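The structure comes first, and the notes follow by topic.

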Amino acid sequence: MTDLSQAIRATLLTGDKRGKVMATRALVRNWRTGALATEFSTAMPASPAWPHGLEVLPPGRMPKRGKGGSARNRIALWHSLAHIEFVAIDLALDIVGRFGAEMDDAFIADFLGVAADEAMHFAVIERHLARMGAAYGDLPVHDGLWQSAADTAHDAMARLAIVPMVLEARGLDVTPATLDRVRSQGDSRGAKILQRILDDEIRHVSAGARHFKALCRSHGIIPKNHWKMLVKRYFRGTLKPPFNDSARLAAGLSRDLYAGIA
């Protein structure tokens with residue numbers, strides 16, 4: 001690969017789950033060491049490749065996941081988390097490959113760092129699933145997360161407003177309860193994984209909020225007003241409490257930003 005966009009496109013089109021993780025780690029390492037030029041000669045694909053045989057359903061057709069501590073329910077929970085992290089690799093790579101040419105090196109560095117984190121998250125969750133006798137791909141998944149990327153493929157501000165500042169921010173809200181549930185099941189290893197993910201996601205949301213606000217200022221736009229407009233236009237769901245206000249504030253999302261449209 002001669003430049004960053006080529007490496008990102010090739011990684012996005014890698015469907016093998018281990019192959020995507022390894023390719024992501026390699027391209028981030030190569031960019032950081034200067035082996036990949038910060039150039040954008042290649043367009044991003046409309047959608048990434050996912051593992052062969054993965055059953056992808058519309059969000060409304062996904063089977064309901066039980067909340068008990070049975071082995072089946074635990075596998076379903078961790079499989080869902082694995083899918084979130086797998087798609088998050090693609091989301092982080094795509095935002096760099098699609099919008100990096102118009103952004104600065106700090107934006108590129110931040111979101112390549114996010115991609116590396118998500119690859120690590122997926123890898124450790126996959127290992128955790130393996131200890132339960134399961135693997136990513138055993139259960140159906142939905143395409144709702146990537147649909148949000150497709151809806152915002154034309155606008156960096158819209159992408160930042162929806163993916164890190166809504167979807168990833170929602171992770172800040174729901175992960176503590178999941179963490180408590182996993183701890184109550186005696187899964188100390190799983191609890192450590194979730195705590196690491198929560199800590200990392202605060203940084204990820206913070207990066208999204210920071211670059212969104214910077215873009216708004218550069219265009220003479222009031223960030224709060226523009227974010228609310230973009231959420232109403234592009235987010236297909238609703239913002240629902242409870243909110244993890246302390247984690248959101250640590251990530252640069254003040255309550256007055258989101259409470260008004262929840």
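**Salt bridges and their surroundings**

Asp200 and Arg196 both belong to helix H7 (residues 188-218), where four residues, about one turn of the helix, lie between their positions. Helices (DSSP runs of H or I, at least four residues) and strands (runs of E, at least two) are numbered from the N terminus. The model is predicted: local features need pLDDT of at least 70, side-chain atom pairs count only at pLDDT 80 or more, and totals for chains, interfaces and linings use all residues. Residues are numbered from 1 along each chain as its sequence is written, and side-chain values use heavy atoms, with hydrogens and water left out.

- Asp200 forms a salt bridge with Arg196, with 3.0 Å between the closest N and O atoms; the term requires a side-chain nitrogen of Lys or Arg within 4 Å of a carboxyl oxygen of Asp or Glu.
- Asp200 counts as buried because its relative accessibility is 5%, where buried means under 20% relative accessible area, exposed over 50% and partly exposed in between (1.4 Å probe, protein chains only).
- Arg196 is partly exposed, at a relative accessible area of 44%.
- Asp180 and Arg183 are separated by about one helical turn because they are three residues apart in H6.
- Both partners are partly exposed, Asp180 with a relative accessible area of 48% and Arg183 with 46%.

- The structure holds 15 salt bridges, and one of them joins the side chains of Asp173 and Arg248 at 2.7 Å, N to O.
- Asp173 lies in helix H6 and Arg248 in helix H9 (residues 245-250), so this pair ties together parts that are 75 residues apart in sequence.
- Asp173 is buried, with a relative accessible area of 10%, and Arg248 is buried, with 3%.

**Buried side of helix H5**

- Leu145, Trp146, Ser148 and Ala149 are buried in helix H5 (residues 144-151).
- They cover an arc of only 150° around the axis, which puts them on the same side of H5; the arc is taken from the directions from the helix axis to the C-beta atoms.
- The buried residues of H5 pack against helix H3 (71-99), strand E2 (141-142) and helix H6 (156-184), contact being heavy atoms within 4.5 Å.

**Second largest pocket**

- The second largest pocket has a volume of about 170 Å³.
- Its lining consists of Lys17, Arg18, Val21, Met22, Arg25, Phe122, Ala123, Glu126 and Arg127.
- H2 and helix H4 (105-131) are the elements that give two or more residues to this lining, and H2 gives the most, with five residues.
- A pocket is an open set of points on a 1 Å grid over the protein atoms alone, where a 1.4 Å probe fits, with protein on both sides within 12 Å along at least five of seven lines; lining residues have an atom within 4 Å of a point.
- Grid points are joined across faces, edges and corners, and the volume is the space filled by probe spheres set on the points.

**Loop residue Ala43**

- Ala43 is found in the loop between helix H2 (17-32) and strand E1 (56-57).
- Ala43 counts as exposed, at 56% relative accessibility.
- The C-alpha atoms of Ala43 and Ile8 are separated by 9.7 Å, and the two residues are 35 residues apart along the chain.
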